[in-house]
Amino acid sequence: MHARQAAARPSGKAVHDLLIVGAGFAGMYMLVKARELGFTAQVLETGMDVGGTWYWNRYPGARCDIESLEYSYGFDEALQQEWKWSERFAPQPEILDYARHVAQRFDLKRDIRFGTRVVSARFDEAANLWHVGSEAGELFQARFLVMATGCLSSANLPAIAGMESFAGPTYHTGRWPHEPVDFTGQRVAVIGTGSSAVQSIPIIARQARELTVFQRTATYSVPARNAPLDAAYEARVKADYRGFRARNERMPAGFGSNLNANPASALEAGAEGRERAFEERWRQGGLGFTRAFGDIVLNAEANAYAAAFVRRKISALVRDPATAALLSPSQPVACKRLCVDSGYYETFNLPHVRLVDISQGGIERITPHGLVAGAQDYSFDALVFATGFDAMTGTLLRMDIRGRGGLALGEKWRAGPLNYLGLMVAGFPNLFTITGPGSPSVLTNMIVSIEQHVRWIGACLAWMRAQGRRRIEANASAERAWVGHVNEVAGQTIFPGCNSWYLGANVPGKVRVFMPLPGFPAYDEKCRAVAAAAYEGFELA
Ligand code: NA7
C-alpha cells in the first residue's frame, strides 16, 4: 500500500473540508449535512452506485428486518411524506430505489466518486490534513475524514482448503452479482444459516433441483408476517411522522415504538402468561418478539423461556424430528442477531432440501464437484457462501489508516477496537467513524444511529468553525473509560454469551471483544452532554 501511495498522483489540487468514505445511508446523509453547513465534501465509494449494504446484498430474498416506515431517513419531512413503501418490510430492490431517489432529490451524485476504493489514509500533523489514497493510485486531501464504511461491508469468506478448485459458480450473499442468477434445475449448496441464509434459502429452494444447507450453528428465527403496507397505518404514521421518529428514538434499540413493549419480567408472568405473550408476538411477526417481556435480553432465565418457545415452534413446523432437533439452537435467543424469515423452517420439509450438521468438524475441503464434511462427499453445481461479514472493524482495518506519529489503526486496535463514543480514536485527529464500534449501531435501527451520528459530527464541525478550532481528537483516558463502559453495559445483557459476530467470534483469529453498545437513548443523551460541555473528553487545538 505504501508503494502504491508513493506512486500516487494527486487528483486535482482541491483540499476538501470533508472526505467521506462510503455512499450508503451514512455517507449520503453526511454529504447532505456537510452541504447544509456550508462545508465542501467529496464522497469516495467503491461501488458504482449509492446504497451501501443495499447495493451489495442483492441475494434472493434480501429484505430489511426493520419495518419500512422506520428504516428510512427522518431528516427531511417532505422526503418522508412523499416516499411510498409497498410492504411492511421492504425488499432490497425497493430500498436501493429509495437510496437512488434520495441521491437524485438532493443532487448528491455530483460530489460522489464511484468505483473508488480507499486503501490508505494518513494524517499530516503539520498541515492538519488527511491524505487519502485510492486503489487506483489517486490522492485526495481533506481537513476531516469521515468513515461511513458500514458495519457489515467486508465479506467473510472462510479459508477452506480447495476453495479455488470448485468447478461451478460460487457466490457470497454480500457480493451478489448484479445480473440475475438462475438456479433452475441445479443442485445448490448454501454454507451458513445466519440472516442472509434464512432469507435466501426459501427462495433458492423454489428454483433449485436439490438444495443442501451446511449448518455450523442453528439459528433462531421468527416469522416476518410480511404483507403489503397497511394504508391506514401508513396514514397514521405520516400524520405525525416527526412524533413517530421521536418516539422510536426513545426506544432501547431506536425502533418499534409501535410494538407495545411489555416492561414486565418474564419470570413473574407464569407459564400461561408467558405462552400467551410469546404466541401473540409470534402471530404479529418481526423483531417485536423480544419485546414480549422487559428482561429477555437482560436475564438468562427470562431468555430461556423465550428460547424454549421458539424451539417448540421449530418442532411443530419441521416434520422430521431429527431435522427439527438439528435446527433447534442451544444458545440464548437474540444473542446472535435474531433472524426474521418467510418460511425458513418450513423449507426443510421439502423433499429436495436437506440439512447437514457441520458443527463438529466444519468443512474439511472444497472439491471440484462439491465438498467434504464429516468424511462424507457432497456434490452440487453451485455454491453459496452465506457466511457473513468481518463486522464493525473489518472494513476500517483493511485500509492502511495512520494517525499521529504514523500510528497504524491496526496496531492501535490489536487487542480490539478502542475509541471514544464510537466516534473518534485517540491518536487519529479529525477522523470520525459513523456507527463505529462502541456505539449502538447494529443493535439499533441503523438509520436512526446514522442520523444521530451525522447530526453530532455536523454540530461538532460547526462548533469548531465558530470557535476557530482546527483539530479535535479523543482523549486517551476518556477512551479507556468509554471502552470500560461499553463492556460493563454489555455485561449486563445476554449478548456476550455466545459466539456472535458482535464479538468477532465468526472470524478466525479476530480478537474477542463485544463491539456494539446496548441502549440507544442513554447513548444519545451522553453524546448530547459531551457536546454541551464543549466536547468533554476530546482535546481541541
Ligand atoms: P451471519 O449472521 O454472520 O451468518 C453467517 C453464517 O455463516 C452463520 O451461520 C455462521 O455460522 C456461518 N459460517 C461462517 N463461517 C463459516 C464457516 N467457516 N463454516 C461454516 N459456516 C460458517 O451473516 P449474515 O450475512 O447471515 O447476516 C449478517 C447480518 O446482516 C445479519 O445479522 C443482519 O443484521 C443483516 P456460526 O453462527 O458463526 O457458527
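**Figure 1. Ala334 in the loop between H11 and E11 of the predicted model.** In this predicted model, Ala334 belongs to the loop that runs between H11 and E11. The phi angle of Ala334 is near 75°, a positive value in a residue that is not glycine. Ala334 is buried, and its relative accessible area is 8%.

**Figure 2. The disulfide between Cys335 and Cys498.** A search of the whole structure gives one disulfide. The disulfide joins Cys335 to Cys498, with 2.2 Å from S to S. The angle about the S-S bond is -110°, and the link of Cys335 and Cys498 is left-handed. Cys335 lies in the loop between helix H11 (321–327) and strand E11 (339–341), and Cys498 in the loop between helix H16 (476–491) and helix H17 (520–532), so the pair ties together parts that are 163 residues apart in sequence. Cys335 counts as buried at 0% relative accessibility, and Cys498 counts as buried at 8%.

**Figure 3. Cys64 and Cys339.** For Cys64, the closest cysteine sulfur is in Cys339, at 13 Å, which is too far for a bond. A disulfide requires the two sulfur atoms to be within 2.5 Å. Cys64 is buried, with 6% relative accessible area. Cys339 is in no disulfide, and the nearest cysteine sulfur to Cys339 belongs to Cys498, 12 Å away. Cys339 has a relative accessibility of 1% and counts as buried.

**Figure 4. The aromatic pair of Trp54 and Tyr71.** The structure has a count of 40 aromatic pairs. In the pair of Trp54 and Tyr71, the ring centres are 5.7 Å apart and the planes are at 75°, so the pair is edge-to-face. The cut-off for this class is an angle over 60 degrees. Trp54 lies in helix H3 (residues 53–56) and Tyr71 in the loop between H3 and helix H4 (77–82), so the pair ties together parts that are 17 residues apart in sequence. Both residues are covered by the burial calculation: Trp54 counts as buried at 8% relative accessibility, and Tyr71 is buried with a relative accessible area of 10%.

**Figure 5. The aromatic pair of Phe123 and Trp130.** The rings of Phe123 and Trp130 form a tilted aromatic pair, with 5.3 Å from centre to centre and 50° between the planes. Phe123 counts as buried at 4% relative accessibility. Trp130 counts as buried at 0% relative accessibility.

**Figure 6. An aromatic cluster that includes Trp54 and Tyr71.** One aromatic cluster is formed by Phe25, Tyr29, Trp54, Tyr71, Tyr73, Phe75, Trp83, Trp85, Tyr98 and Phe106.

**Figure 7. Arginine residues over aromatic rings.** The charged end of Arg175 sits over the ring of Trp56, and the distance to the ring centre is 4.5 Å. Arg465 lies over the face of Phe39, 4.2 Å from the centre of the ring.

**Figure 8. Lys33 in helix H2.** Lys33 is part of helix H2, which covers residues 25–36. Lys33 counts as buried, at 12% relative accessibility. With neighbours within four places in sequence left aside, Lys33 is in contact with Val454, Arg455 and Gly458.

**Figure 9. Met392 in the loop between E16 and H13.** Met392 is placed in the loop between strand E16 (382–385) and helix H13 (394–398). Phi of Met392 is positive, at about 70°, although Met392 is not a glycine. Met392 counts as buried at 4% relative accessibility.

**Figure 10. The whole protein, as context for the close-up views.** The protein has 17 helices and 20 strands. Its radius of gyration is 23 Å, close to the 24 Å that the globule rule gives for 541 residues, so the protein is as compact as a globular protein of that length. Along the principal axes, the C-alpha atoms fill a box of roughly 70 × 55 × 45 Å. Of the 541 residues in the protein, 58% are buried. Among contacts between residues at least 6 apart in sequence, 72% join residues at least 24 apart.

Terms used. Residues numbered from 1 in each chain as written. Predicted model: local features only at pLDDT ≥ 70, side-chain atom pairs only at ≥ 80, totals over all residues. Heavy atoms only, no water. Phe/Tyr/Trp six-rings, centres within 6.5 Å; stacked < 30°, edge-to-face > 60°. Helix = DSSP H or I, 4+ residues; strand = E, 2+ residues; numbered from the N terminus. Buried < 20%, exposed > 50% of the residue type's maximum accessible area, 1.4 Å probe, protein only. Lys NZ or Arg CZ within 6 Å of the ring centre and 35° of its normal. Rg over C-alpha atoms; globule rule 2.2 N^0.38 Å. Contact = heavy atoms within 4.5 Å.
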